[in-house]
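Please work through each task before reading its solution.

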Amino acid sequence: MVDHNEKILQELLKKPGNQVCADCGAEDPDWASYNLGIFICMRCASIHRGMGAHISKVKHLELDRWEDSQVHRMKEVGNVAARNKYEDRVPPCYRRPAKSDPQVLIEQWIRAKYEREEFCHPERQSYLSGSMEGFLMKRGKEDSRYQLRKFVLNENEDTLKYHVKENKEPKGILKLSELNVSFAPAKIGHMNSMQLTFMKEGSTRHIYVYHEDAEVINCWYTAIRCAKLHLLQVAFPSTPQSDLLLRLPKDFAREGWLWKTGPRTSDVHRRRWFTLDNRKLMYHDEPLDAYPKGEIFIGHESTGYHIKVSNTGNGCKEARFPFYLVTPERTFCLAAATHEDRAGWLTVIQHTLKRPLTPQDSTIEAILVRKRTTSNSISIFSGR
């Protein structure tokens, strides 16, 4: 038999804001932090418990026994009021996590809200200044070893530099305004990690870094986003902030193994690791390569870019679900290992084909098309 307090909790769940987790937005939360007065999902409840009962006291809505005072607290606060308090001063550059985001992102969001109370006290937001220095573990370009490197973020110079030796000239200088950052990609194998992707001499370059402390890597990620937003605001003063936020670093739309042939119909299928970064579809020999083996620009469907799907097989035993990415310069024959994997790729590519081009997209298209045109004869003989 449902007791009186459980009935009250179920009624509270129906109120606006309480139907989803107060922290990640997952539907139908079945846990709560009764001292904070919020309804949360199981995943976020485990993070709340990890902070300690001095910060958050967690109970299941049905499996635990509730005291009258605890229920009164839930009635008194609720998710909307709690957000108004604990998210009062969230910077626009801060990435608010969704339920499908990496664990480290959600955990640091929760700890920032309730443990460090960063959004109640803006002076605690160390990532807003446009500059940051510190050490990260960086993967070598030629091997898989990670070495400690000093990184320096400087918004005024539009740079992110890294040093092999602290007091020497930087080994690498990344243009901040052209930098994308994928946060905690699973392929790195370390939860507190980032993939830095940028253009170097007309080619895309990847750098993989991590830090043992989740708060530190989250601060680096947020500092880069904030610095990029400031640069965009200076460069495009009349553009609405909501539009500029869409141009901040994004995780890759999709990554995974696909098979592809070379430019000739007789070429064999080769297994490659594909990454879709905005409009660049890159393929690599291995997931953690420093450079892609090739890059394909995905333009707008009105300019001749489109997808063709075949269900007749393509002669590749490992990947029996082919599709063709058609560009003005070449048709790329690709294949997935499963129907579900192909459907996932088709969805993200079709979405990209329909998205309007920006001036920045057109610049990248010109670079990649020129690069592909000049190297076309090499590609034919190498079977890329």
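**Exercise 1: a salt bridge and its surroundings**

Asp-23 and Lys-113 form a salt bridge in which the closest N and O atoms are 2.7 Å apart; a salt bridge is a side-chain nitrogen of Lys or Arg within 4 Å of a carboxyl oxygen of Asp or Glu. The model is a predicted one, in which local features need pLDDT of at least 70 and side-chain atom pairs count only at pLDDT 80 or more, whereas totals for chains, interfaces and linings use all residues. Residues are numbered from 1 along each chain as its sequence is written, and side-chain values use heavy atoms, with hydrogens and water left out.

Task: State which parts Asp-23 and Lys-113 tie together, and whether Asp-23 is buried or exposed.

Solution. 
1. Asp-23 is in the loop between helix 1 (4-13) and strand 1 (31-33), and Lys-113 is in helix 5, so the pair ties together parts 90 residues apart in sequence. Helices (H or I, at least four residues) and strands (E, at least two) are DSSP runs, numbered from the N terminus.
2. Asp-23 has 4% relative accessibility and therefore counts as buried; buried means under 20% relative accessible area, exposed over 50% and partly exposed in between (1.4 Å probe, protein chains only).
3. Lys-113 is likewise buried, at 1%.
4. A network of salt bridges links Asp-23, Glu-87, Arg-96 and Lys-113. The whole structure holds 23 salt bridges.

**Exercise 2: helix 5 against helix 6**

Task: Determine how the axes of helix 5 and helix 6 are oriented, and which residues make the contact.

Solution. 
1. The axes of helix 5 (residues 103-115) and helix 6 (residues 214-235) come within 10 Å and cross at roughly 90°. Axes are lines fitted to C-alpha atoms, for helices over the stretch in contact, and angles run from 0 to 180 degrees between N-to-C directions.
2. Helix 5 is therefore roughly perpendicular to helix 6; angles under 35 degrees count as roughly parallel, over 145 as roughly antiparallel, 65 to 115 as roughly perpendicular and the rest as oblique.
3. Helix 5 contributes Val-104, Leu-105 and Gln-108, and helix 6 contributes Ala-214, Glu-215, Asn-218 and Tyr-221. Contact means heavy atoms within 4.5 Å.
4. Glu-215 also meets Arg-116 in a salt bridge (3.5 Å, N to O). Arg-116 lies in the loop between helix 5 and strand 4 (131-139) and Glu-215 in helix 6, so this pair ties together parts 99 residues apart in sequence.
5. Arg-116 is buried at 14%, whereas Glu-215 is partly exposed at 31%.

**Exercise 3: helix 1 against helix 3**

Task: Which residues form the contact between helix 1 and helix 3?

Solution. 
1. Helix 1 and helix 3 (residues 68-76) pack at an angle of about 10°, their axes being 10 Å apart. The two helices are therefore roughly parallel to each other.
2. Asn-5, Ile-8, Leu-9 and Leu-12 of helix 1 meet Asp-68, Val-71, Met-74 and Lys-75 of helix 3.

**Exercise 4: the setting of Phe-274**

Task: Locate Phe-274 and name residues that it touches.

Solution. 
1. Phe-274 belongs to strand 12 (residues 270-277), and at 0% relative accessibility it counts as buried.
2. Not counting residues up to four places away in sequence, Phe-274 touches several residues, among them Leu-258, Leu-281, Tyr-283 and Trp-345.
3. Leu-258 is 16 residues from Phe-274 along the chain, and their C-alpha atoms are separated by 6.6 Å.
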